[in-house]
Amino acid sequence: MGAGLAAAAMLAGLIPATTQGPALCPPPRLEPITGESLADYWVAQPTRDEMISAFPKQAIAERVSGRVGLLCAVGGGGALVECQVQTEEPGGYGFAQAAIRLSGRFRLLETVDGCPTRGGRVGFPINFRVR
């Protein structure tokens, strides 16, 4: 990982600040990393077909787009576990349930700068767009 990316990750709370030499890895921080800072850390995400399959049918019929904010713990192998819906816009179409189903398709790097991501938390949006 380049120095710039490592600095961004430290600011986002994904990894602790380290000193010269071997990485020092204190317990993961409880505050989640969020937003675009996650882009470089995904090793798996839902495919286009999986997104289409999960898209709520009523929303498709009414041509309604939606957005769900999830907060998840990072488990073994970078898998997301214990995901909770933080926001859902608009409500009533099933976007929250679709996002929870899709959450199992996301996976983060297992380590960043030698420190495990397991035990950390991530917050991120899933966007459902009708075109």
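## The overall layout

Starting at the N terminus, the elements of this protein follow the order α-β-β-α-α-β-β-α-β-β-β-β. That gives 4 helices and 8 strands, where helices (H or I, at least four residues) and strands (E, at least two) are DSSP runs numbered from the N terminus. What you see is a predicted model, in which local features need pLDDT of at least 70 and side-chain atom pairs count only at pLDDT 80 or more, while totals for chains, interfaces and linings use all residues. Residues are numbered from 1 along each chain as its sequence is written, and side-chain values use heavy atoms, with hydrogens and water left out.

How much of the protein is buried? Of its 131 residues, 36% count as buried, meaning under 20% relative accessible area with a 1.4 Å probe and protein chains only; exposed means over 50%, and partly exposed lies in between. The protein exposes about 7,600 Å², and carbon and sulfur atoms supply 52% of that area; accessible areas come from the Shrake-Rupley method with a 1.4 Å probe, and for residues only the protein chains shown count as cover. Among contacts between residues at least 6 apart in sequence, 72% join residues at least 24 apart. A contact here means heavy atoms within 4.5 Å.

## Strand β3 and its two partners

Let's look at strand β3, which covers residues 66-74. Which strands pair with β3? One is β4 (residues 80-89), which runs antiparallel to β3 and is joined to it by 7 bridges. Another is β8, which pairs with β3 in the antiparallel sense over 8 bridges. Two strands count as paired if DSSP finds at least two bridges between them.

You can follow the pairing residue by residue. On the β4 side, G69 stands opposite T87, and V74 stands opposite L80. On the β8 side, L70 has F124 as its bridge partner. β3 and β4 also form a hairpin with 5 residues between them, and G77 in the turn has a positive phi of about 70 degrees. Because 8 of its 9 residues are buried, β3 is largely enclosed by the rest of the structure.

G66 lies in strand β3. With 10% relative accessibility, G66 counts as buried. Which residues does G66 touch? Leaving out residues up to four places away in sequence, G66 touches E89, P90, F95, I126, N127 and F128. G66 and F55 are 11 residues apart in sequence, and their C-alpha atoms are 9.4 Å apart in space.

S103 is found in helix α4, which spans residues 95-103. S103 is buried too, at a relative accessible area of 7%. Again leaving out residues up to four places away in sequence, S103 touches L70, L80 and C83.

Most residues other than glycine have a negative phi, and most peptide bonds are trans. R63 has a positive phi of about 55 degrees although it is not a glycine. R63 is found in the loop between α3 (57-62) and β3, and it is exposed at 54% relative accessibility.

E82 is also a residue other than glycine with a positive phi, near 50 degrees. E82 lies in strand β4 and is exposed, with a relative accessible area of 67%. Where is the cis peptide bond? It joins E89 and P90, with omega of about -15 degrees, and P90 is found in the loop between β4 and α4.

## The largest pocket

The largest pocket has a volume of about 670 Å³. On a 1 Å grid over the protein atoms alone, a pocket is an open set of points where a 1.4 Å probe fits, with protein on both sides within 12 Å along at least five of seven lines; lining residues have an atom within 4 Å of a point. Grid points are joined across faces, edges and corners, and the volume is the space filled by probe spheres set on the points.

The largest pocket is lined by 22 residues, of which M51, N127, F128, R129 and R131 lie nearest its centre. Both α2 (48-54) and β8 (121-128) supply at least two lining residues each, and the largest share, 5 residues, comes from β8. The lining divides into 14 nonpolar, 4 polar and 4 charged residues. Here Ala, Val, Leu, Ile, Met, Phe, Trp, Tyr, Cys and Pro count as nonpolar, Asp, Glu, Lys and Arg as charged, and the others, Gly among them, as polar.
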